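Biologist: I am new to this structure and would like to go through it in questions and answers. Please begin with any term I will need.

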Amino acid sequence: MYLTSFGSLWREGVKRKRFIDSNYISEEVWEDIEWDYINPDERSFLLTRILIPVIEKAKKEDLYKEAYKDVDIESLKKYERFEDILLHLPILFKDNTSFGAKGLRHLVEKDPQIMKHGRKEQACEVFRSSGSKGIPTPTYITTKDIRLESHALGFRCFVPGGFDDEDRLYSTYNLAHKGGRLIQLAGRCIGMEVIARRPEDNLEEVIDMISSYKVNALAAVQPPITDDDLSAKGGGVTFLSLYKENFELFGENGMIKKAFITGFPIPESIVNLAKSINLKLFTTYGCTEFIPLATSTTEGDKCLYNDQHILYGPHIIMVVKESNGKLERVAEGEKGMVLVTTIGITDGRTIYLNYALGDTAVLKWEAGKCSCGRTTPIISDIKRTDHPGEMLGGGCRYV
Ligand SMILES: [Zn+2]
């Protein structure tokens, strides 16, 4: 049986209390916004039904089999919350740690093919992360990964951020980067007309295109602002450089009414600017390996700008800390390490379990406190750290 909708997945998982073979979940399941609104206990139970078969599969992969050899699937089946399952699994770190855990980046540098286990038949592309903290990590991404993530980004991030099929979107992102590709595809998924900047186009040419095509929505990066540097990573055109070149294009009196801005966090001055000119502004948290992870909307009172609702599927994140040698979720208001698990796999997707990608975040609000109606927690203050492994004492088990 092929599960093609959120409803069919829910009936299999929650109602019939069955474990779900993730090889038979369609990509479209992860575009359904219902994920963000259902009862948190039901969502959690449903995710356990999908997660267990993923762990079973991972146990056979080169990357996990040594660390997971003692993981007992039967004992994990007793948990009704996916968090409780993940808290009992080893962590996969991005970099080597001082207590001897081998990082994924180290393994990938030695043999990039390690990421391809079980996906040898799949059409793959290699994207390199931007390497904002040192060496870029090469990542194999399958065609299915791209399709699934762009659906999720379009329907669960762009739409709540105010983009719709009437809009014409200009994206300044580099199409050679995964984020640039996904923004283009996600826009198309929801029926937008998308115009992407060619890498050689300068500020003037970008403004020409925006004006002549009557663009009303913008996707642009905005890194933290320093006085002398308005340039974006990889030679991109930033939001602020565009605004400074032609501010009349923006806001209620201009052509561009909505903007999707990344490069966490959005600087406070940009947030204030957007408020003052009535520009709808939202952002999504993700990285080369995982898009999207969390998103802000323009609907709620707590999920604005840098305060973002966690998305459950196609990846799930958990903010954790170590306490007495055990891993636990942080409490509201606490800062912790971000762990990512790829749950929405169909046949031929990359498996990441409890991956410490190097980010920290604060759990700002627990589930159900935002007026937008989403039943997911909100995270904030997302930061990249050099050595996530050093945040933990080494008492837990690691890959
Ligand atoms: Zn909200």
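Modeller: Two strands pair if DSSP finds at least two bridges between them. The model is predicted. In it, β12 and β14 are an antiparallel pair with 6 bridges.

Biologist: In β14, which residue is the bridge partner of Ile 316?

Modeller: β14 covers residues 335–342, and β12 covers residues 315–323. These strands pair in the antiparallel sense. The bridge partner of Ile 316 in β14 is Thr 341.

Biologist: How many residues of β14 are buried?

Modeller: A residue is buried if 20 or more other C-beta atoms lie within 10 Å of its own. Strand β14 is mostly covered, and the buried count among its 8 residues is 7.

Biologist: How many bridges join β14 to β15, and in which sense do they run?

Modeller: Leu 339 stands opposite Ala 356 in β15. Gly 336 has Ala 361 of β15 as its bridge partner. The two strands run antiparallel, and the number of bridges joining them is 5.

Biologist: Which residue of β15 does Phe 93 stand opposite?

Modeller: Strand β1, residues 92–93, pairs with β15 in the parallel sense over 2 bridges. Leu 339 has already been placed opposite Ala 356. Phe 93 also stands opposite a residue of β15, and that residue is Ala 356.

Biologist: In β16, what is the bridge partner of Leu 363?

Modeller: β16 takes in residues 378–384 and pairs with β15 in the antiparallel sense over 5 bridges. Strand β15 itself is residues 355–365, with 9 of its 11 residues buried. The partner of Leu 363 in β16 is Ile 379.

Biologist: What is the strand order of the open sheet of 5 strands?

Modeller: The pairing in this open sheet is parallel, and the order of its 5 strands is β5-β4-β6-β7-β8. Its edge strands, each pairing on one side only, are β5 (193–196) and β8 (280–282). Direction ignored, neighbouring strands of the sheet are turned against each other by an average of 20 degrees.

Biologist: In β5, which residue is the bridge partner of Leu 169?

Modeller: Strand β4, residues 168–171, runs parallel to β5 and is joined to it by 4 bridges. In β5, Leu 169 has as its bridge partner Val 194.

Biologist: Why does His 151 count as buried?

Modeller: His 151 is placed in helix α6, residues 143–158. Beyond its neighbours within four places in sequence, His 151 is in contact with Glu 27, Glu 28, Trp 30, Glu 31 and Cys 189. His 151 counts as buried because its C-beta neighbours inside 10 Å number 24.

Biologist: What is the C-alpha to C-alpha distance from His 151 to Val 29?

Modeller: In sequence, His 151 and Val 29 are 122 residues apart. In space, their C-alpha to C-alpha distance is 9.1 Å.

Biologist: At what angle do α6 and α7 pack?

Modeller: Residues of α6 including Ile 146, His 151 and Phe 158 meet residues of α7, among them Arg 181, Leu 185 and Cys 189. The crossing of these helices is right-handed. Their axes are 8 Å apart, and the angle is about 65 degrees.

Biologist: Against which elements do the buried residues of α2 pack?

Modeller: Helix α2 has 19 residues, 40–58, and reaches 26 Å from its first C-alpha to its last, close to the expected 27 Å. Among its buried residues are Leu 46, Ile 50 and Val 54. The buried residues of α2 pack against α1, α3, α4 and β12.

Biologist: Over which residues does pLDDT stay under 50?

Modeller: The protein averages a pLDDT of 87, and 89% of the residues score at least 70. The stretch where pLDDT stays under 50 has 20 contacts in the model beyond four places in sequence, and it is residues 393–399.

Definitions and conventions. Residues numbered from 1 in each chain as written. Predicted model: local features only at pLDDT ≥ 70, side-chain atom pairs only at ≥ 80, totals over all residues. pLDDT = per-residue confidence, 0-100. Contact = placed C-beta atoms within 7 Å. Expected span 1.5 Å × (residues − 1). Buried ≥ 20, exposed ≤ 12 C-beta atoms within 10 Å, placed from the backbone. Axes fitted to C-alpha atoms, helices over the stretch in contact; angles between N-to-C directions. Left-handed = near helix turned anticlockwise from the far one by under 90°.
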